[in-house]
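Please read the following notes alongside the sequence and the 3D view.

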Amino acid sequence: GAAPAKACVVCGKGKAAGVKLRRCAGCRNPQVVYCSDACCKQHWKLLGHKAACLADQRRRSAAGAAGHEDARPSSSGASSSTIGA
C-alpha cells in the first residue's frame, strides 16, 4: 500500500511540527490525513473529498460484502443440506 502522508492534506502542518495527524475516518486512505476537525470539514465540504470518500466507502463495502456473502452460503448451505439429509 501507499506510505502514510506526513502532513495535513489541507494546511500542510505535519509530524515534523509535532502535530498529530488523523486519517479520514470514512475512506481510511493513508494519503488523506488531517491535523484538525476544521481541516477535515474544509476538505470534505469545500475541497471535494466527499465524492471520492463516499466512492471509496462504497467500493470497500461492496468488496467486503461480496467476500462475506461468498463464504456464508457455502457454510450455511452445507449445514442445511446435512440437516435435511
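1. Counting a disulfide as a pair of cysteine sulfur atoms within 2.5 Å, the total for this predicted model comes to zero disulfides. Cys11 is in no disulfide, and the nearest cysteine sulfur to its own, that of Cys35, is 3.5 Å away. Cys39 is likewise in no disulfide, the nearest cysteine sulfur being that of Cys8, 3.8 Å away.

2. On relative accessible area, where buried means under 20%, exposed over 50% and partly exposed in between (1.4 Å probe, protein chains only), Cys11 counts as partly exposed at 39%, whereas Cys39 is buried at 9%.

3. Val33 is also buried, with a relative accessible area of 6%, and it lies in strand S2, residues 33-34 (strands are DSSP runs of E, at least two residues, numbered from the N terminus). Its contacts, meaning heavy atoms within 4.5 Å, include Ala5, Cys8 and Leu21, not counting residues up to four places away in sequence.

4. In soluble globular proteins, nonpolar side chains tend to be buried together.

5. Residues are numbered from 1 along each chain as its sequence is written, and side-chain values use heavy atoms, with hydrogens and water left out. Because the model is predicted, local features need pLDDT of at least 70 and side-chain atom pairs count only at pLDDT 80 or more, while totals for chains, interfaces and linings use all residues.

Note on methods. Helices (H or I, at least four residues) and strands (E, at least two) are DSSP runs, numbered from the N terminus.
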